[in-house]
Protein chains: 2
Amino acid sequence: MKSTDTPEAEVRRTIDDFAASLRGKDLERLFGHYAPDVLSYDLAPPLRHSAAELRRGLAEWFETWEGPIGYEQRDLTVVAGGDLAFAHSLNRMHGRRTGGGTTDVWFRATVCLRRLGGRWRVAHEHTSVPFHMDGSYRAAVELRP
Amino acid sequence: MKSTDTPEAEVRRTIDDFAASLRGKDLERLFGHYAPDVLSYDLAPPLRHSAAELRRGLAEWFETWEGPIGYEQRDLTVVAGGDLAFAHSLNRMHGRRTGGGTTDVWFRATVCLRRLGGRWRVAHEHTSVPFHMDGSYRAAVELRP
């Protein structure tokens, strides 16, 4: 990265490459953006995933998409200073699934980053959709920003 | 706060007081821990809540609990440096509801803090439970850590 970049610009570039890696289902490139001890709170159970669980889950999950994954981010906010940063956005994931049918869902994403060895890495990520409080406990996958 | 405290110790104390305020349903004390422009990704829809929406929602939500709210945090990790910090934990919320019945649920919590005017404030929070990927879209409120 150019030394003239601000920490925020560096983090935005990291998040952009993370998104491109996810769209292209490039597991090695994507996983290179995570810290070795990343802890993930994912859309799917269980409550948390270690780095090894995250990697295995991503590999399996990539196989469930036909072609590239549609992935957009809206209202990305990045706060960076020193060797820490956090970012949050509303993300859309959409495309055709190998099992048939399509997915099109908006979810919330929070990523917390550390600068390790001069590179920004995702030390923690949290993705989710809220759930309806009407007694159905149904995930609100129909919400649009 | 004592000047000998590390940033991590300061943040942990902030989170402790946040938790005590929530247990006691003390809206003013709780809300004092948020930055004025906090953006919240909550357990309940919509996808995001502004500071005003968060405050209104908390006031209404406090009314749905009989007595204090049971609130515990497990595996709290805090990373702090300079004027930024982030923390994540698995939280349990339990107690009797005014409408009858009880609640007992574990959820994931991520909080991102900034030091503003010498005080740590929650600039962003994200709470959620994952949802089942079996086609039911049911929030996994039965999970235990």
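Figure 1. Two strands count as paired if DSSP finds at least two bridges between them. Helices (H or I, at least four residues) and strands (E, at least two) are DSSP runs, numbered from the N terminus. Where is one of these bridges found? Leu84(A) has Arg114(A) as its bridge partner in β4(A). The two strands form a hairpin, with 5 residues between them. Gly100(A) sits in the turn and has a positive phi of about 100°.

Two notes apply to every view. Residues are numbered from 1 along each chain as its sequence is written, and chains are lettered from A and ligands numbered from 1 in the order in which they are written. As the model is predicted, local features need pLDDT of at least 70 and side-chain atom pairs count only at pLDDT 80 or more, while totals for chains, interfaces and linings use all residues.

**Figure 2. The β4-β5 hairpin of chain A.** β4(A) also pairs with β5(A), in the antiparallel sense, over 9 bridges. Cys112(A) has His124(A) as its bridge partner in β5(A). Between the two strands of this hairpin lie 2 residues. Gly117(A), in the turn, has a positive phi of about 60°.

**Figure 3. The whole sheet of chain A.** The order of the 5 strands is β1-β5-β4-β3-β2, in an open sheet with mixed pairing. Strands of a sheet pair through backbone hydrogen bonds, either parallel or antiparallel. Which strands stand at the edges? They are β1 and β2 of chain A; each has a single partner strand, so one side of each is left without a neighbour in the sheet. From one strand to the next, the twist averages 20°. β1(A) and β5(A) pair in the parallel sense, over 4 bridges. Across that pair, Leu39(A) stands opposite His124(A) in β5(A). His124(A) is also the bridge partner of Cys112(A).

**Figure 4. Helix α1 on the sheet of chain A.** Helix α1, residues 7-23, lies across β2, β3, β4 and β5 of chain A. The helix runs at about 155° to β2(A). Axes are lines fitted to C-alpha atoms, for helices over the stretch in contact, and angles run from 0 to 180 degrees between N-to-C directions. Two residues are in contact if their C-beta atoms, placed from the backbone, lie within 7 Å.

**Figure 5. Leu58(A) and its leucine contacts.** Leu58(A) lies in helix α3, residues 51-62 of chain A. Leaving out residues up to four places away in sequence, Leu58(A) touches Leu27(A) and Leu30(A). Leu27(A) is 31 residues apart from Leu58(A) along the chain, yet their C-alpha atoms are separated by 7.4 Å. Leu58(A) counts as partly exposed because 19 C-beta neighbours lie inside 10 Å. The cut-offs are these: buried means 20 or more other C-beta atoms within 10 Å, exposed means 12 or fewer, and partly exposed is in between, with C-beta atoms placed from the backbone.

**Figure 6. Chain A in outline.** Chain A has 3 helices and 5 strands. Along the sequence they follow the pattern α-α-β-α-β-β-β-β. The C-alpha trace spans about 50 × 30 × 25 Å along its principal axes. Buried residues make up 32% of the 145 residues in chain A.

**Figure 7. Where chain A meets chain B.** How many residues does each chain bring to the contact? Chain A gives 38 residues and chain B gives 38 residues. On the side of chain A that touches chain B, β4(A) gives the most, with 5 residues. That side divides into 24 nonpolar, 8 polar and 6 charged residues. Here Ala, Val, Leu, Ile, Met, Phe, Trp, Tyr, Cys and Pro count as nonpolar, Asp, Glu, Lys and Arg as charged, and the others, Gly among them, as polar. Of the interface residues of chain A, 100% are also interface residues in chain B, so the copies meet through the same surface.

**Figure 8. The rotation axis.** Chain A is superposed on chain B by a rotation of 180° with 0.0 Å of shift along its axis (RMSD 0.0 Å). That is the relation of a two-fold axis. Of the residues of chain A, Arg138(A) comes closest to the axis, at 2.3 Å (C-alpha).

Methods
Copies are superposed by least squares on the C-alpha atoms of residues with pLDDT of at least 70 in both.
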